[in-house]
Amino acid sequence: MITKSEARQVVSQGTGIAAAPTLAEGVYQQIRRNILEGRIAPGTRVSIRSLAESVGVSTMPTREALKRLGFEGLVEFDRRAVTITMLSPDEIRELFTIRSRLECLATEWALPAFDVEAAVALRSVLDRMAEPGIGPIVWRELNREFHQTFYACGTSRYLLELIHNIWDRIQPYMAVYASAVHDFTEADRQHAHMLQLMLAGDLDALLDATREHLHDTAEAIIRALDTGADHEDQEKNVNYEELSVSSFHGLIESGETTSAEVTAWYLQRIAELDDADNPSGPQLNSVVTVNPEAIAEARRIDERYARTGTLVGPLHGVPVLVKDQGETKGIPTSFGSTAFADYIPEVDATVVDRLRKAGAVILGKTAMCDFAAGWFSFSSRTQHTKNPYALDRETGGSSAGTAAAVTANLCLVGIGEDTGGSIRLPSSFTNLFGLRVTTGLVPRTGFSPLLHFQDTPGPMARNVADLAAILDVIVGYDPADAYTAIATTSSDVGDYVEAVSGVDVDALQHFRVGVLSDAFGSGDDQERTNGVVRAALDTLRRRGAGVVDGLVLGDLPAWVAETSLYTIQSKSDLENFLAARDHGGPSTIREIVDAGDFHELTDLLADIADGPDDPEDDPNYFKGRARQEEWRRTLIAMMAEADVDFLVYPTVQVPAPTREELAAKRWTALDFPTNTVIASQTSLPAMSIPVGFTDNGLPVGLEVLGRPLSERALLRFARAWELAESPRRAAALTSVAKA
């Protein structure tokens, strides 16, 4: 016999990765975790090559891992592809019958030993399960914790191991259940009822409640699986969620899909999950305009591939959503403003043109705040964009639509734009990789400006390899944008896919990072973010990276304020841009503001309208420009003095705020506690990488700031982190009642 504490330890074992696993063991654990956590759904068929690429290894260790998973009954595979085991309704009921009998026996053994300590622990779990806005991933983990905490009161190691094994077989379907239900009120009521019966010592009633709870769960899973049975992707037995550029091209080359099929899948998903006119969906509201020619364009790419057998370019058939800040020929481009809802450009922005020439399909345009003048999604054109991880929360901006769409799998990759942090801030709030390049590396031609000496379009993606693939296509000199001459000054520009292709987990040992301590905020919200970031720093240390603590810039708020030039420069930049276009709309920001043609919460726009006609007339203009350059030198010198490759800190000091907080004007555009302005106002490259979630399930990003033109190093560091920690967690979204 074993003690209760030993039993609790046993029941929690079996899913963790060993401290120093072999390559094969690490691959096995990572794929197994993806299956058990529902990130690869039951019934999904994936090529072994694509699966290997997703974990960053060759096919040989992947095949070895699949043999073990096949023996466990979690997968079925042949020479080229693997299918995640899909149970029939009768098999699901059989498993739950076995689970019910085991758990009833565990209940009989646990109840006599149920004590005050266990009761307090269960009450704590129930309180966390009932928190408003809790996500399905967190709820599912707490559900398992509730049951295992109670059964650990018993003292049979063998029974606990049997229960643990049956839980693992059911776990992928629990992910389906948690993603489909969304409203856990009834399940929470059942758990609370069971706790009351435990406290009362009523065994018979507790056994009945346990059987009822498990029966209801099984039937909910079966209903959830049946609801999606008619989707086109399931009929083809190919899952496109979390698709990467590389795995997509693998499916193309193996004949398992076409660009038109994938494009149609994304369009259907937009209709189900994003469309504000779909009452049964979450109505994310991230896509402003869908390209009516998207499928036709994809078919032309497919036809060319059928004739030649060759991919048309590095982004062959890749469906891309573009922030509505970038002009798209033949597709309305509104810059987030109702005043320009009917503006249809005659030419593409340079970045869009390069995407098309590389083979990409422009799927549509994404939401943004008016003229990108803010940190959030609210817009006169589209109102709010919901955060896929918590529908009552902000996505962050101004590249809000791209962030929500990419993380919700409404496109394969997305294009945002970053002036003060508009790529990295929403990437932090939505568990994405978002890169701001050295200013000028990517052309701005055709993107509405906010501050021309800070503006830069850039990629937002679910994985680092996709980020590199987009970057390889869009960087480079543009004769229409003098700032892009910087792309011709160094051999470190370009070849980003090649730079990340050879990276492995051990690459972290070759990097040193300096922790900018005064970029960590103070307060309850800030501590939620700080805790996640500090845990990530501890992980970097364990993985062998050099971490230099305690770097202090000194008076960070003053640096930010003295280098902020929005209210001085933006009016001139925007009005010069509008004057160069035949759009039929207002030509000045003052006209827009006086007409009330902007969202009332976009407070920065009114300040911009009050700015000088000529920025150089403002006595603070040249002082601010000089201070920006001084700040850049100071940061680079700090890295040199500490002998570090990068500076790191929370991308944003607080988690994603609620829409109610923003409506109450808790923050303005100029005082929101984001650290993204550090890179923007010094023209340095920076990347937000996902590092975890707060205790209530909100994503947190770590910003990594580099020297000029250090994009390759940033990507390699991010790729090593990605391989080490698999930080990407898909948001659980289904076509259900909106929140």
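Ring pairs join Phe335, Phe340, Tyr343, Phe371 and Phe577 into a cluster. Rings of Phe, Tyr and Trp (its six-membered ring) pair if their centres lie within 6.5 Å; planes under 30 degrees apart count as stacked, over 60 as edge-to-face and the rest as tilted. By this rule there are 19 aromatic pairs.

This is a predicted model: local features need pLDDT of at least 70, side-chain atom pairs count only at pLDDT 80 or more, and totals for chains, interfaces and linings use all residues. Residues are numbered from 1 along each chain as its sequence is written, and side-chain values use heavy atoms, with hydrogens and water left out.

**An edge-to-face pair**
- Phe335 and Phe340 pair edge-to-face, at 5.9 Å centre to centre with 70 degrees between the planes.
- Both Phe335 and Phe340 are buried (under 20% relative accessible area; exposed is over 50%, partly exposed in between; 1.4 Å probe, protein chains only).

**A stacked pair**
- Trp559 and Trp631 are stacked, with 5.7 Å between centres and 20 degrees between planes.
- Trp559 lies in helix α21 (residues 556-562) and Trp631 in helix α25 (residues 621-642), so the pair ties together parts 72 residues apart in sequence.
- Helices (H or I, at least four residues) are DSSP runs, numbered from the N terminus.
- Trp559 is buried, at 8% relative accessible area.
- Trp631 is also buried, at 0% relative accessibility.

**Charges over rings**
- A charge sits over a ring if NZ of Lys or CZ of Arg is within 6 Å of the ring centre and within 35 degrees of the ring normal.
- Arg68 lies over the face of Tyr28, 3.6 Å from the ring centre.
- Arg444 lies over the face of Tyr483, 4.6 Å from the ring centre.

Methods:
Helices (H or I, at least four residues) and strands (E, at least two) are DSSP runs, numbered from the N terminus.
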